[in-house]
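Hi,

Here is the structure I promised to pass on. Have a look at it first, and my notes follow below.

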Amino acid sequence: MTQKIAVLGGGSFGTVVANIAATRGADVHLWMRSEKQLQDILETGINTRYVPKYPLHERLIPTNDLAGAVVGADIVFMAVPSKAFRVVLNDAIPHLGAETALVSLTKGIEPEGFRLMSEVLEELVPDHPIGVISGPNLAKEIAQGHLTGTVVASQSPELRNQVHDLLSDRSFRVYTNPDVYGVELAGALKNIYAIASGMAAALGMGENTRALLMTRSLAEMSRFAARLGANPLTFIGLAGVGDLVVTCTSPLSRNYRIGQAIGQGYNLKQAVKQLGETAEGVNTLKVVKAKADELEVYMPLVAGLYAVVHENEDVDVIAQQLMLGERASDVEFIFDSENC
Ligand SMILES: NC(=O)c1ccc[n+]([C@@H]2O[C@H](COP(=O)([O-])OP(=O)(O)OC[C@H]3O[C@@H](n4cnc5c(N)ncnc54)[C@H](O)[C@@H]3O)[C@@H](O)[C@H]2O)c1
Ligand SMILES: O=P(O)(O)OC[C@H](O)CO
């Protein structure tokens, strides 16, 4: 039987995931709140604002009727920014079927209580199968047909298989992982380091610097994640290394572009305004800095970036402090730092 899929959020990533599912034969309802955007898609068959030149499949039904999109859906994919996630989910809940699965595509953290989106799902829809998708997935590259890998994480093997079968196609390969928290945390954390990398590029720093930054970012992310109970090995997969590589090197990443703008001398407010799209890393940086301070996790890059982005500290001064920081081990999950 044809599956009914709902994707809530008509931005770049929601649109490409909806289109892949439609191309694979599902009936897909792509919900967006903007009437203007809806009319544009109905008239042109393209989401011009977010993914121009990407024709949408005829099975993709754009709509602003949330109830109509969600009723009878086998899977609801949540594709709104983290700040809107809880509100949109609450609006959708009355229309969910008893068996409907929910999968988050969102890479952010709710500031109150440091909740990841899977935790918001567990809190609000505890009886439904839930999962998350994360990985090196620049929406605009997926739209261009570039070969792409992603990760679906869920504690339910049935849901992992269901999403794998729904979204796998010639240019989109789906891997699975049971570590929901680790996959999701990796996707949220890498946005922070993409800002730092964009900034370093704008300041003319070299490839040695980029390699140093990305490798130490990975060490810092996994240290923090391990302290929160995630499996640090998850970070060597696509959701960790993979996504860190793509967002720390590509100007298609909005978080990277925020860093570039700050490196060019714009302040945060100007950089966010200029971007005009979601850059989750800006808030994630704040939330993670507070959590790292609370848990006393050593995160020098987060502390340094926070000082530059949110406290207007001089980037050269912070970079010097980082370079002259305390003695540290290269690979800390293997060697005890006391013996290095
Ligand atoms: N774009 C990508 O390449 C990409 C890839 C993977 C994951 N993500 C993640 O997916 C999430 C969504 O990102 P995106 O790129 O699609 O964002 P986007 O900025 O392109 O679009 C966000 C969409 O959500 C809508 N929205 C915002 N607030 C809303 C609200 N209160 N109610 C209803 N709709 C609302 C906007 O109108 C817009 O249609 C983010 O967490 C992002 O990190 C993005
Ligand atoms: O544009 P960004 O920085 O939100 O990154 C998009 C995706 O997360 C890349 O995997």
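Let me start in the sheet: strand β4 (residues 75–78) runs parallel to β5, and four bridges join the two. Helices (H or I, at least four residues) and strands (E, at least two) are DSSP runs, numbered from the N terminus, and two strands pair if DSSP finds at least two bridges between them.

Before going further, some housekeeping. This is a predicted model, where local features need pLDDT of at least 70 and side-chain atom pairs count only at pLDDT 80 or more, while totals for chains, interfaces and linings use all residues. Residues are numbered from 1 along each chain as its sequence is written, and chains are lettered from A and ligands numbered from 1 in the order in which they are written.

Back to β5. Within it, V103 is the bridge partner of F77. On to strand β8 (residues 130–134), which pairs with β5 in the parallel sense over three bridges. There V103 has G131 as its bridge partner, and L102 has I130. Strand β5 (residues 101–104) is covered on both faces, with A101 and V103 buried on one side and L102 and S104 buried on the other. (Buried means 20 or more other C-beta atoms within 10 Å of the residue's own, exposed means 12 or fewer, and partly exposed is in between; C-beta atoms are placed from the backbone.)

β4, α4 and β5 together make a right-handed β-α-β unit, that is, with the strands pointing away from the viewer, the path from the first strand over the helix to the second runs clockwise.

The whole sheet is open and has eight strands, in the order β3-β2-β1-β4-β5-β8-β9-β10, with mixed pairing. Its edge strands, β3 (60–63) and β10 (172–177), each pair on one side only. From one strand to the next, the twist averages 25 degrees (axes are lines fitted to C-alpha atoms, and angles run from 0 to 180 degrees between N-to-C directions).

A residue is near a molecule if its C-beta atom, placed from the backbone, lies within 6 Å of it.

Ligand 1 has 27 residues around it, of which G11, F13, A84, A139 and T278 come nearest. Both α1 (12–23) and α4 (82–92) supply at least two residues of this shell, and α4 has the largest share, four residues. By class, the shell around ligand 1 holds twelve nonpolar, eleven polar and four charged residues. (Ala, Val, Leu, Ile, Met, Phe, Trp, Tyr, Cys and Pro count as nonpolar, Asp, Glu, Lys and Arg as charged, and the others, Gly among them, as polar.)

Around ligand 2 you'll find residues including K107, N137, D243 and R254. Three helices, α8 (180–202), α10 (238–249) and α11 (254–263), each supply at least two residues of that shell, and α10 gives the most, with three.

Which domains do the shells draw on? For ligand 1, at least three residues come from each of domain 1 (4–178) and domain 2 (182–331), and the shell around ligand 2 likewise draws at least three from each. The domain bounds come from an automatic or database domain assignment.

E296, in the loop between α13 (281–295) and α14 (300–311), has a positive phi of about 55 degrees although it is not a glycine. E296 counts as exposed because it has 8 C-beta neighbours inside 10 Å. N312 sits in the loop between α14 and α15 (315–323), with a positive phi near 55 degrees, and N312 is exposed, with 9 other C-beta atoms within 10 Å.

Cheers
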